[in-house]
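Here's a quick briefing on a metal site and a helix packing contact.

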Amino acid sequence: MPTALLIEDDAESRKRIARLFTRQGWDTIEAEGGAAGIELAFAHRPSVIVCDLLLPKISGLQVCRAIREKLDSPKIIIVAGRIYDIDRKVVLEAGGDGYFVKPLKWEKLAAVIRRVRRPQRKLTPRQSRTFKFHPPSTRIKFWGVRGSIPVPGPATIGYGGNTTCVEVRTNGNIIVLDAGSGIRELGLALDQEFKAAPINLTLLLTHTHWDHIQGLPFFLPAYQAKNTIRVLGYEGARAGLATILEAQMEVPFFPVSWKDLPGTIKIQELKKMEFSIGKVRVHSKLLNHPGVCVGYRLFTREGSIAFLPDNEPFEPLKLKLAERDGTHPHRARAQAAVQRSKLVEFLKDTDVLILDAQYTDEKYQEHIGWGHGALSRVVSLALEARAKKLFLFHHDPAHDDHKIDEMLERARLLVLESGRKLEVEAAREGAEIWLSGRAAAR
Ligand SMILES: [Zn+2]
Ligand SMILES: [Zn+2]
């Protein structure tokens with residue numbers, strides 16, 4: 001007799017699903033929670049698993065992934081109280097075979113059970129790095145997605161180990177956002193593409209923390225006399241921008257000095273918070289991060305891109321400081337709310353939002369005041385700003401691919417629970433996003 005495993009916290013719904021199976025002569029086993037469900041799956045190897053999407057402790061997607069990692073044969077069907085197209089995709093990506101709204105009908109179940117299961121093709125690192133291709137217009141490409149320090153190795157091969165660097169090609173401009181270790185590969189690619197032709201690009205720096213400038217001494221175009229590089233940024237925390245950029249190439253640290261670089265490099269310290277690069281309008285905003293650190297919003301013909309690689313939510317920090325200084329928490333909350341609404345305004349309706357999501361909510365509690373994002377607050381900020389697509393960015397060096405997958409799933413669940421619309425991805429080295437005019441008009 002075939003066996004079905006039902007993982008569902010709602011007893012009524014569990015009973016209803018069990019009845020569907022027993023009427024057809026199936027055996028059923030049941031679990032109220034995800035962890036118990038996973039254990040039963042491994043112990044009994046059922047032919048079909050029906051699992052609720054929103055279980056109290058771990059999500060149906062996590063259950064699905066955990067089971068799929070070890071068992072290829074059972075059909076896994078996820079059920080939910082409501083249905084969104086985006087979740088169907090997520091369920092299939094997690095190794096699920098079907099996604100249905102409750103109450104479940106036997107005909108639908110039977111169709112999935114009859115279908116021959118094709119084991120999911122594992123993506124090779126190269127394939128997993130490419131995104132869906134849209135006709136070229138404005139292109140964003142991730143060259144480094146990590147925070148703090150590069151972490152190459154087998155555990156980070158999926159999302160990549162290089163520190164912050166994003167390339168934007170738009171309206172005939174090459175704009176590079178930050179110069180972490182990812183900029184080295186960008187330099188090699190530009191060299192291949194341009195060969196003897198001169199390269200003219202603008203490097204926009206958010207701040208001078210090392211993970212955002214450390215790749216610059218290894219940026220090949222700076223070593224070629226034919227090229228012109230304009231470096232724009234705000235004053236560093238202690239000294240001017242030029243002093244700081246030159247300092248990391250001084251003799252005890254590096255053999256070639258900044259002044260000896262053959263390319264034409266113009267450093268321009270920005271004073272205004274609005275300026276233009278060619279036809280691209282740029283707005284900047286000071287962020288909640290130690291020292292001087294800004295976020296940029298680029299307005300291209302095809303839509304806008306907001307880049308905030310390092311940013312901490314206001315409220316927890318303000319509350320912590322209020323506790324230390326004996327200020328009333330009400331006041332701290334009010335101050336934080338003002339700051340946050342300014343940030344929401346800055347990000348309003350952006351098409352692409354690349355945002356610091358370094359910590360899980362739990363880990364953030366131990367790192368309040370370190371200047372980085374906490375997952376659920378990152379999602380709520382993106383929702384409030386009505387961003388269209390959110391990229392979790394500045395991944396923690398301690399987070400391997402699996403952990404980032406988990407955080408992405410959690411973020412998507414939070415969006416689902418909000419009942420609102422927002423596409424969420426975790427930024428991946430090598431991934432490209434194309435903005436078409438249609439995206440902007442949406
Ligand atoms: Zn950083
Ligand atoms: Zn920083």
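The zinc ion (ligand 1) is held by Asp211 (OD), His212 (NE2), Asp310 (OD) and His394 (NE2) at 2.1 to 2.2 Å. Donors here are N, O and S atoms within 2.8 Å of the metal (3.2 Å for Na, K and Ca), and since water is not among the atoms, sites may look incomplete. Keep in mind that this is a predicted model, where local features need pLDDT of at least 70, side-chain atom pairs count only at pLDDT 80 or more, and totals for chains, interfaces and linings use all residues; side-chain values use heavy atoms, with hydrogens and water left out. Residues are numbered from 1 along each chain as its sequence is written, while chains are lettered from A and ligands numbered from 1 in the order in which they are written.

**Zinc ion (ligand 1)**
- The four donor atoms subtend angles of 90 to 167°, so the arrangement is irregular (four donors are tetrahedral if all angles lie between 85 and 135 degrees; four are square planar and six octahedral if opposite donors are over 155 degrees apart and all others between 65 and 115; anything else is irregular).
- Along the sequence, the donor residues follow the spacing D-H-x97-D-x83-H.
- Asp211 sits in the loop between β9 (200-204) and β10 (228-233), and His394 in the loop between β17 (389-393) and α13 (401-418), so the pair ties together parts 183 residues apart in sequence. Helices (H or I, at least four residues) and strands (E, at least two) are DSSP runs, numbered from the N terminus.
- Asp211 counts as buried at 6% relative accessibility, and so does His394 at 0% (buried is under 20% relative accessible area, exposed over 50%, partly exposed in between, with a 1.4 Å probe and protein chains only).

**Zinc ion (ligand 2)**
- His207 (NE2), His209 (ND1), His289 (NE2) and Asp310 (OD) coordinate the zinc ion (ligand 2) at 2.1 to 2.6 Å.
- This site is irregular too, with angles of 87 to 172° among its four donor atoms.
- His209 is partly exposed at 32% relative accessibility.

**The bridge**
- Asp310 coordinates both zinc ions, which are 3.4 Å apart.
- Asp310 is buried, with a relative accessible area of 1%.

**Helix packing**
- The axes of α3 (residues 60-70) and α13 come within 10 Å and cross at roughly 150°; axes are lines fitted to C-alpha atoms, for helices over the stretch in contact, and angles run from 0 to 180 degrees between N-to-C directions.
- Leu61, Gln62, Arg65 and Glu69 in α3 meet His402, Asp405, Glu406 and Glu409 in α13 (contact means heavy atoms within 4.5 Å).
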